Amino acid sequence: MKKIYLFCSAGMSTSMLANKMQEVANAHNVPVKVAAFSHNKLGDIIAQDRPDCILLGPQVKYMYDETVQKYGHENIPIAVIDAGDYGMMNGEKVLKTAIKLIKGNK
């Protein structure tokens with residue numbers, strides 16, 4: 001099972017998006033686990049429960065470069081969620097983006 005983890009400043013609206021993504025995945029029998037966390041837990045999460053894809057909420061877009069510098073060597077795709085998709089809570093589109101990132105990371 002692939003793990004797609006979303007990170008933002010607090011994790012509230014990102015949790016809603018993660019739930020929508022999980023619902024879409026379940027409906028299509030896509031074996032993924034989608035969860036949301038606070039960005040300050042990123043290091044711990046990578047160490048304890050290595051994700052297959054890291055998505056940053058638009059609110060922490062400014063942390064993208066720092067995140068790539070710190071964790072880019074881990075060979076985990078890291079991307080910022082499209083602000084429009086995030087605002088619309090488009091779980092399907094964000095899930096598809098994440099799956100493309102995982103497949104492209106082989």
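Contact here means that heavy atoms lie within 4.5 Å of each other; the views below all show a predicted model.

**View 1. The surroundings of L55.** When its neighbours within four places in sequence are set aside, L55 is in contact with I4, Y5, L6 and F7, with M21, with A79 and I81, and with V94, A98 and L101. L55 is also listed, together with I4, L6, L17, M21, V34 and L95, among the residues that have the most contacts inside the largest nonpolar core.

**View 2. The largest nonpolar core and the elements that supply it.** This core has 19 residues. At least two of its residues come from each of β1 (2-8), α1 (12-27), β2 (32-38), β3 (53-56) and α5 (91-103), and α1 gives the largest share, with five residues. As a general background to such a view, nonpolar side chains in soluble globular proteins tend to be buried together.

**View 3. The cysteines C8 and C53.** A search of the whole structure finds zero disulfides. For C8, the closest cysteine sulfur is that of C53, and because the two sulfur atoms are 15 Å apart, they are too far from each other for a bond; the cut-off for a disulfide is a pair of cysteine sulfur atoms within 2.5 Å. C53, likewise, is in no disulfide, with the sulfur of C8 as its nearest cysteine sulfur. C8 counts as buried because its relative accessibility is 1%, and C53 is buried with a relative accessible area of 0%.

Technical notes
Residues numbered from 1 in each chain as written. Predicted model: local features only at pLDDT ≥ 70, side-chain atom pairs only at ≥ 80, totals over all residues. Heavy atoms only, no water. Core = buried A, V, L, I, M, F, W, Y, C linked by side-chain atoms within 4.5 Å. Buried < 20%, exposed > 50% of the residue type's maximum accessible area, 1.4 Å probe, protein only. Helix = DSSP H or I, 4+ residues; strand = E, 2+ residues; numbered from the N terminus.
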